[in-house]
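Keep the viewer open while you read.

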Amino acid sequence: MKLKDCYNFHDFRTLARRRLPAPIYNYIDGAADDEKSHRRNTISFDACDLVPNVLRGVKDIDMSVTVMGQKLEMPIYCSPTALQRLFHHEGERAVASAAEKFGTMFGVSSLGTVSLQEVRKHSNPQVYQFYFHKDRGLNNAMMSDAKKAGVEVMMLTVDTITGGNRERDLRSGFSIPFSLSPAGILQFVLKPMWAFNYVTHEKFSLPQLDKYIDMDDGAVSISRYITEMLDPSLDWNDVEKMVSTWDGEFCLKGIMSVEDARKAVDIGCTGIVISNHGGRQLDGSRSPFDQLDEIVNAVGDKIDVIMDSGIQRGSHVLKALSLGAKAVGGGRFYLYPLAVAGQAGVERALELMRMEIERDMCLMGCNSIHDLSPENLRFR
Ligand SMILES: Cc1cc2nc3c(=O)[nH]c(=O)nc-3n(C[C@H](O)[C@H](O)[C@H](O)COP(=O)(O)O)c2cc1C
């Protein structure tokens with residue numbers, strides 16, 4: 001099976017599993033505890049069906065959306081994800097370039113492996129995903145660097161106050177730096193091509209953090225970063241100050257309740273991402289799609305509501321937009337393709353997604369995203 005044989009999420013996932021050492025594949029594929037929320041995230045889209053209209057004279061389909069002041073040529077963007085150069089040596093460079101080609105937004109993680117300044121050279125809108133540190137001076141310095149680099153949207157992740165229990169990673173010993181179990185080491189030996197690419201390309205680093213945090217001998221410890229530097233006492237007052245310091249498009253990622261969505265409006269956020277982190281944090285939490293309707297009804301006219309988690313198909317995108325999401329994000333839908341073939345893989349994933357959305361809009365009788373509404377959906 002090759003890239004050209006991949007037609008959907010499942011094909012990319014199968015090929016990524018073949019190409020990546022198992023500990024890395026499982027880091028992407030895995031989720032928290034029993035992975036129930038992870039599974040529910042996608043299944044929840046089956047709770048309703050699209051109701052098409054016909055004979056609407058569909059031509060020149062326009063799937064562009066405007067979210068948090070950014071025009072996106074397609075309504076799905078690449079959510080921020082950590083450690084991308086571990087998945088493929090092109091890492092964030094591949095994702096930023098592919099997203100630029102398709103005119104959509106991409107997120108750079110605080111745990112990204114290419115600097116936000118380097119990827120900012122692309123012309124498409126860029127999100128910087130931020131973790132809140134105990135050191136307020138450090139937060140301000142990082143925000144100021146992002147502002148100077150020209151980042152359009154600040155996205156504070158609020159569902160990682162502590163790490164999720166990812167048992168696949170515990171079993172394989174996946175961590176940064178690697179401290180693999182013997183079985184985990186064997187999995188790397190079995191994928192020599194990945195190992196060859198890893199050692200023959202630029203040394204692994206976390207440039208968003210390197211500048212600020214003294215890492216022993218250059219060995220980056222993510223767990224040390226999370227436990228020692230991030231602030232578990234983060235509250236709404238802290239975020240309100242951060243929103244005012246940033247003074248621009250500011251979004252909270254990981255909102256799940258109506259109460260929190262209302263607070264986000266009150267403190268001046270311009271967007272929220274309803275997300276359970278792809279099921280990687282609180283297992284048993286509700287799926288974002290299940291939660292979308294009540295949050296849109298409460299705050300949809302006051303703030304841009306976005307959702308991520310579980311999106312695999314164009315029809316999932318259209319269901320979320322029909323319920324009032326302004327755009328959607330996805331992680332694994334571009335990470336498996338990245339692992340499979342770098343930029344070419346991400347481009348193929350975006351192209352297939354674009355074609356699915358276009359075809360489905362055509363079949364739904366929609367010329368533009370504005371034609372979608374809850375009227376297009378029936379819950380079973
Ligand atoms: C491998 C991986 C790494 C991730 N890293 C981050 C991160 O650094 N920061 C963050 O806010 N979210 C991170 N996420 C969550 C994504 O931004 C997004 O919420 C999630 O992938 C959506 O679910 P989906 O993969 O089902 O589309 C990560 C997700 C994955 C799969």
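## A tour from helix α16

In α16 (314-322), 8 of the 9 residues are buried, so this helix is largely enclosed by the rest of the structure. "Buried" here means that 20 or more other C-beta atoms lie within 10 Å of a residue's own; 12 or fewer makes it exposed, anything in between makes it partly exposed, and the C-beta atoms are placed from the backbone. Helices (H or I, at least four residues) and strands (E, at least two) are DSSP runs, numbered from the N terminus.

A word on the model before going further. It is predicted, so local features need pLDDT of at least 70 and side-chain atom pairs count only at pLDDT 80 or more, while totals for chains, interfaces and linings use all residues. Residues are numbered from 1 along each chain as its sequence is written.

Back to α16: its buried residues are Gly314, His316, Val317, Leu318, Lys319, Ala320, Leu321 and Ser322. Just after the helix comes glycine 324, with a positive phi of about 115°.

Most residues other than glycine have a negative phi. Methionine 68 sits in the loop between β2 (65-67) and β3 (70-72), and serine 309 in the loop between β10 (304-308) and α16. Both are buried: methionine 68 has 24 other C-beta atoms within 10 Å, and serine 309 has 30.

| Residue | Location | Other C-beta atoms within 10 Å |
|---|---|---|
| Methionine 68 | loop between β2 and β3 | 24 |
| Serine 309 | loop between β10 and α16 | 30 |
| Isoleucine 369 | loop between α17 and β12 | 22 |
| Lysine 101 | helix α5 | 16 |

Isoleucine 369 is in the loop between α17 and β12 (377-379), and it is buried. Leaving out residues up to four places away in sequence, isoleucine 369 touches Met63, Val65, Pro75 and Leu321; contact means that two C-beta atoms, placed from the backbone, lie within 7 Å.

Lysine 101 belongs to helix α5 (residues 91-101) and is partly exposed. Its C-alpha atom is separated by 9.6 Å from that of histidine 122, 21 residues apart along the chain.

Next, look at β5, β6 and β7. Strand β5 (residues 106-108) pairs with β6 in the parallel sense over 3 bridges, and β6 (residues 126-130) is joined to β7, also in parallel, by 4 bridges. Two strands count as paired if DSSP finds at least two bridges between them. Phenylalanine 106 stands opposite glutamine 126 in β6. On the β7 side, glutamine 129 is partnered with methionine 155 and phenylalanine 130 with leucine 156.

How well covered is β6? Gln126, Tyr128 and Phe130 on one side and Val127 and Gln129 on the other are all buried, so 5 of the 5 residues are, and the strand is largely enclosed by the rest of the structure. Strand β7 (residues 153-157) is also largely enclosed, with 5 of the 5 residues buried. Val153, Met155 and Thr157 point one way from β7, and Met154 and Leu156 the other way.

**How α1 meets α17**

Two packed helices are described by the angle between their axes and the distance between the axes. The axes of α1 (residues 9-19) and α17 come within 7 Å and cross at roughly 105°. That makes α1 roughly perpendicular to α17. Axes are lines fitted to C-alpha atoms, for helices over the stretch in contact, and angles run from 0 to 180 degrees between N-to-C directions. Under 35 degrees counts as roughly parallel, over 145 as roughly antiparallel, 65 to 115 as roughly perpendicular and the rest as oblique.

On the α1 side, Phe9, Phe12, Arg13, Leu15, Ala16 and Arg19 meet Phe333, Tyr336, Pro337, Ala339, Val340 and Ala349 in α17.
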